[in-house]
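Please open the model in a viewer and keep the sequence panel beside it.

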Amino acid sequence: MISKIIPEDLITKAKKAIDIVDKIVIVAHVGPDGDAMGSTLALWHYLMTIDKEPVVIVPTSFPNFLSWMPGSECVLDYENYKEKSDELIASAELIFALDFNQASRMAKMEDSVINASAPKILVDHHLHPGDFANLIISCPEISSTSELIFRLICRMGDFSKINLACAECIYTGMMTDTGGFTYNSNKQEIYTIISELIKLGVDKDDIYRKVFNNYSADRMKLMGYALYKKMKVYPEYKAALITLTTKELQEFNYQNGDVEGLVNMPLSIENVAFSVFMREDTDKIKISLRSQGSFPANKVSSDLFNGGGHLNAAGGESYTTLNEAIKKFEEALEDYKDFLE
Ligand code: 5GP
Ligand code: MN
């Protein structure tokens with residue numbers, strides 16, 4: 001028996017909202033990761049089994065290492081299918097927004113979703129949910145949105161409607177948002193749920209291989225280059241920084257998702273508790289921050305880089321040059337010394 005984290009009235013309202021509609025659009029955040037894909041596709045599979053007409057639309061394309069996910073071939077990305085996506089969003093009867101807390105995380109898709117007449121249900125595990133949805137299921141204490149989708153389906157009385165494809169998607173999100181159960185993963189109920197998913201036929205070892213052992217040679221070389229040539233360690237601040245310019249990314253034939261996980265690697269160094277990765281993008285610098293223990297990666301991100309996220313995994317952006325972003329980071333390190341254990 002797992003505990004009832006989501007309040008009963010929200011379950012009733014969500015169930016009612018689903019019951020009375022057919023056309024349901026499910027959206028996630030820009031740069032969809034394993035949990036964004038896992039939660040949206042899990043919900044998509046579930047809604048298919050109860051004879052709804054769901055469609056998953058993501059703001060930008062998802063990484064290749066998630067293309068094995070059942071149902072991913074039906075996912076639309078707004079970048080490449082804007083017109084069709086706009087039509088589907090405008091004619092939706094219900095919109096689920098999964099795995100993000102602020103409307104701006106939908107990037108170029110934001111206006112389309114916000115202006116849609118359909119009621120919106122947010123299901124998410126980030127702190128500080130925005131108020132753009134009519135129903136907000138926000139549980140920051142849960143380590144993945146995919147786990148929340150499992151809990152939501154079960155509480156709506158539909159555990160029996162979770163098929164293998166749905167279970168695989170739930171497992172993928174739970175696994176990726178905890179770094180393969182290496183952080184945010186001490187809650188016992190995670191393993192109760194996994195046990196249920198395995199009973200449904202999930203091959204967890206196979207999913208691990210498909211997600212984490214699926215690099216292209218270019219991606220592997222880029223990681224090696226980044227660690228060997230571009231990583232700077234600041235021992236007095238227990239911090240590390242990796243930066244990559246557009247030119248460097250191009251040299252390694254960069255594809256979406258190729259630097260996924262890179263920011264975690266310096267945390268394997270003894271006495272590094274805070275790791276930052278900056279990547280030059282076309283119009284901004286994209287920043288990923290990770291920490292261990294009580295060091296607040298999300299605070300640094302919101303203080304310096306207009307971002308946010310979780311205590312140990314956060315992200316942000318900078319509209320300066322890469323060198324200016326590096327300078328800002330280095331100058332600020334001293335301010336966070338007190339957070340080091
Ligand atoms: P990642 O480094 O994998 O892109 O993001 C890690 C976490 O940081 C995400 O789950 C999300 O919570 C948060 N995050 C990433 N980018 C942004 C951003 O630009 N703004 C905010 N507020 N949060 C972000
Ligand atoms: Mn997530």
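Leaving aside its neighbours within four places in sequence, with which residues is isoleucine 26 in contact? Select isoleucine 26: its contacts (heavy atoms within 4.5 Å) are Thr40, Leu43, Trp44, Leu47, Pro54, Val55, Val56, Ile57, Phe96 and Leu98, with neighbours within four places in sequence left aside.

Before going further, please note that this is a predicted model, in which local features need pLDDT of at least 70 and side-chain atom pairs count only at pLDDT 80 or more, while totals for chains, interfaces and linings use all residues. Residues are numbered from 1 along each chain as its sequence is written, chains are lettered from A and ligands numbered from 1 in the order in which they are written, and side-chain values use heavy atoms, without hydrogens and water.

**The cores**

Ile26, Phe96, Val123 and Leu197 have the most contacts inside the largest nonpolar core, which has 56 residues. Such a core is a set of buried Ala, Val, Leu, Ile, Met, Phe, Trp, Tyr and Cys residues joined through side-chain atoms within 4.5 Å; buried means under 20% relative accessible area, exposed over 50%, and partly exposed in between, with a 1.4 Å probe and protein chains only. Helix H2 supplies the largest share of this core, 8 residues. Helices (H or I, at least four residues) and strands (E, at least two) are DSSP runs, numbered from the N terminus. Apart from this core lies another, of 24 residues, including Ala239, Ile287, Ala297 and Phe305.

Aspartate 35 belongs to helix H2 (residues 34-49) and aspartate 99 to the loop between strand E4 (94-98) and helix H4 (110-115), so the pair ties together parts that are 64 residues apart in sequence. Aspartate 35 and aspartate 99 are both buried.

**The open sheet**

Now display the 6 strands of an open sheet with mixed pairing, in the order E7-E8-E9-E10-E12-E11. Two strands pair if DSSP finds at least two bridges between them. Strand E7 (231-234) and strand E11 (308-309) are the edge strands, each pairing on one side only.

Begin at E7, which runs antiparallel to E8 and is joined to E8 by 4 bridges. The two form a hairpin with 4 residues between them, and lysine 238 in the turn has a positive phi of about 50°. Ala239, Leu241 and Thr243 point one way from E8, and Ala240, Ile242 and Leu244 the other way; all are buried. E8 also pairs with E9, in the parallel sense, over 6 bridges. Further along, strand E10 (residues 285-291) and strand E12 (residues 313-318) run antiparallel and are joined by 6 bridges.

**Helix H12**

Finally, select helix H12 (residues 322-332), which lies across E7, E8, strand E9 (274-280), E10 and E12. Its buried residues are Leu322, Ala325, Ile326, Phe329 and Ala332. Seen down the axis of H12, these fall within an arc of 140° (taken from the directions from the helix axis to the C-beta atoms), so they line one face of the helix. Asn323, Lys327 and Glu331, on the other side of H12, are exposed.

Note on methods. Axes are lines fitted to C-alpha atoms, for helices over the stretch in contact, and angles run from 0 to 180 degrees between N-to-C directions.
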